[in-house]
Amino acid sequence: MAIPLPASANGTAALAPFDPSAPPPFRIAEIRAAIPPHCWVKSPWRSLLYVLRDLAVVSALIAVAVFFDSWLLWPIYWVAQGTMFWAIFVLGHDCGHGSFSNSTALNTLVGLVLHSSILVPYHGWRISHRTHHQNHGNVEKDESWVPVRSSVYKQLERRTRILRFTLPFPILAYPFYLMWRSPGKEGSHFNPNSDLFAPNERKDIVISTSCWALMAAVLVYLSFVFGPFQIFKIYGVPYWIFVMWLDLVTYLHHHGYEQKLPWYRGEEWSYLRGGLTTVDRDYGLFNNIHHDIGTHVIHHLFPQIPHYHLVEATKAAKGVLGKYYREPKKSGPIPIHLIENLVNSFREDHYVSDNGNIVFYQTDPYLHHH
């Protein structure tokens with residue numbers, strides 16, 4: 001909400017720019033109350049139908065690509081299949097949040113199968129992603145694309161800084177994050193003894209790492225049967241397209257808005273204020289394909305809402321959120337408008353101060369100068 005200032009000389013009141021870091025004049029319970037009750041209902045059959053839809057498309061794409069085996073077709077296949085791998089990830093992501101169904105057993109089974117099939121350690125990711133949601137917008141405790149503190153940034157080798165903030169390297173980072181996490185953090189999503197996990201979660205990590213290893217072994221076996229180049233064309237290239245989708249989307253949900261958004265520490269942070277720094281994005285024709293993951297603010301505040309209710313829930317919540325909800329820029333069929341947001345963010349959003357409970361990204365003016 002705009003803050004009224006003293007009247008100017010001509011008697012009119014000036015208005016200060018909206019401050020996104022100001023405590024909101026509403027509570028999370030008010031947002032929850034504005035969302036229709038049916039938006040919270042999870043249908044396992046509807047969720048499974050989305051799984052069947054995606055797996056059918058994946059299978060059809062493989063069949064068409066192998067049948068024609070044309071270099072005119074392969075690039076189209078790679079983009080389409082990589083996008084479907086990303087859609088599969090989103091459904092596994094819903095399993096991890098428990099928004100897929102009310103059955104923990106079903107969520108775990110589907111999540112393990114879907115994520116392992118695209119080389120994601122389901123439980124390892126599920127637990128670290130839960131940490132991300134519980135601490136969104138918190139400089140010290142967030143897990144996903146967390147800002148680098150100034151003191152840590154200054155200790156990074158120049159090569160590391162350039163790789164971190166020069167495209168395309170940041171949008172290829174996900175497999176390395178799974179293995180080693182982010183700068184300034186230690187642990188691995190594959191290691192049950194990692195400090196990412198509590199002792200009672202270690203069994204789950206062993207299970208998901210084993211499933212990941214089984215999928216890797218299947219790919220090696222298929223490489224011997226059909227040849228490594230064929231498996232690289234069918235699976236390898238789409239995998240990296242999927243990684244690019246994942247890094248692109250998750251980054252833009254928390255970065256690259258036209259107005260810099262706050263990050264919090266200490267007493268200034270709250271679950272609500274952290275969640276309100278999330279940004280919705282319009283991905284054009286991909287919105288339905290990747291299960292409306294771009295409708296992200298309400299998802300962050302209420303991750304238990306199924307993806308097929310997010311658009312309706314967001315519309316219902318806008319009246320409460322006011323200017324704390326940033327309407328996404330409308331996309332054409334292909335969301336090329338987001339390239340500018342991504343490029344500008346990597347040019348400007350490099351680190352945050354070690355001090356202060358409300359901080360904004362700062363720019364290293366020498367990063368790309370020799």
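Trainee: To start with, does D292 count as buried or exposed?

Mentor: D292 counts as buried, because its relative accessibility is 18% and the cut-off for buried is under 20%. Please bear in mind that this is a predicted model.

Trainee: Where does D292 lie?

Mentor: D292 is in the loop between α12 (286-289) and α13 (297-301). Its phi is positive, about 55 degrees, although D292 is not a glycine. Most residues other than glycine have a negative phi.

Trainee: And what about L119, what is its phi near?

Mentor: L119 has a positive phi near 60 degrees, and this residue is likewise not a glycine. L119 sits in the loop between α4 and α5 (122-134). With a relative accessible area of 13%, L119 is buried.

Trainee: Which peptide bond is cis?

Mentor: The bond from L167 to P168 is cis, and its omega is near 10 degrees. P168 belongs to the loop between α7 (158-164) and α8 (174-180). Most peptide bonds are trans.

Trainee: Changing topic, how many residues does α2 have?

Mentor: Helix α2 covers residues 44-68 and has 25 residues. From first C-alpha to last, α2 reaches 36 Å, close to the 36 Å expected at 1.5 Å a residue. After α2 comes D69, whose phi is positive, near 45 degrees.

Trainee: Which residues of α2 are buried, and what covers them?

Mentor: The buried residues of α2 are S47, Y50, V51, D54, V58 and A65. Their cover includes α3 (74-97) and α4 (104-117). An α-helix has 3.6 residues a turn, so residues three or four places apart point the same way.

Trainee: Now the pockets: what volume has the largest pocket?

Mentor: The largest pocket has a volume of about 850 Å³. It is lined by 35 residues, and those closest to its centre are W145, P170, A173, Y174 and Y177. Helix α5 gives the largest share of this lining, five residues. By class, the lining of the largest pocket has 17 nonpolar, 14 polar and four charged residues.

Trainee: And what lines the second largest pocket?

Mentor: That pocket has 22 lining residues, with I62, F85, S117, M215 and Y235 nearest its centre. About 430 Å³ of space lies in the second largest pocket. Its lining has 18 nonpolar and four polar residues, and no charged residues. Helices α2, α3, α4, α9 (202-226) and α10 each supply at least two of the lining residues.

Trainee: Last topic, how many salt bridges are there?

Mentor: The count comes to 15 salt bridges. One of them joins E30 and R27, at 3.7 Å from N to O. R27 counts as exposed at 58% relative accessibility, and E30 as partly exposed at 34%.

Trainee: Which residue does D195 pair with?

Mentor: D195 forms a salt bridge with R181, and their closest N and O atoms are 3.3 Å apart. Both residues are in the loop between α8 and α9, 14 residues apart. D195 counts as exposed at 58% relative accessibility, whereas R181 counts as buried at 14%.

Trainee: Which residues are joined into one network by shared partners?

Mentor: Salt bridges that share partners join E140, R149, R265 and D354 into one network. Another salt bridge links K318 with E327, whose closest N and O atoms are 3.0 Å apart.

Technical notes:
Residues numbered from 1 in each chain as written. Predicted model: local features only at pLDDT ≥ 70, side-chain atom pairs only at ≥ 80, totals over all residues. Heavy atoms only, no water. Helix = DSSP H or I, 4+ residues; strand = E, 2+ residues; numbered from the N terminus. Expected span 1.5 Å × (residues − 1). Buried < 20%, exposed > 50% of the residue type's maximum accessible area, 1.4 Å probe, protein only. Contact = heavy atoms within 4.5 Å. 1 Å grid on protein atoms, 1.4 Å probe; cavity = no way out; pocket = protein on both sides within 12 Å on 5 of 7 lines; lining within 4 Å. Points joined across faces, edges and corners; volume = space filled by probe spheres on them. Nonpolar A, V, L, I, M, F, W, Y, C, P; charged D, E, K, R; others polar. Salt bridge = Lys/Arg side-chain N within 4 Å of Asp/Glu carboxyl O.
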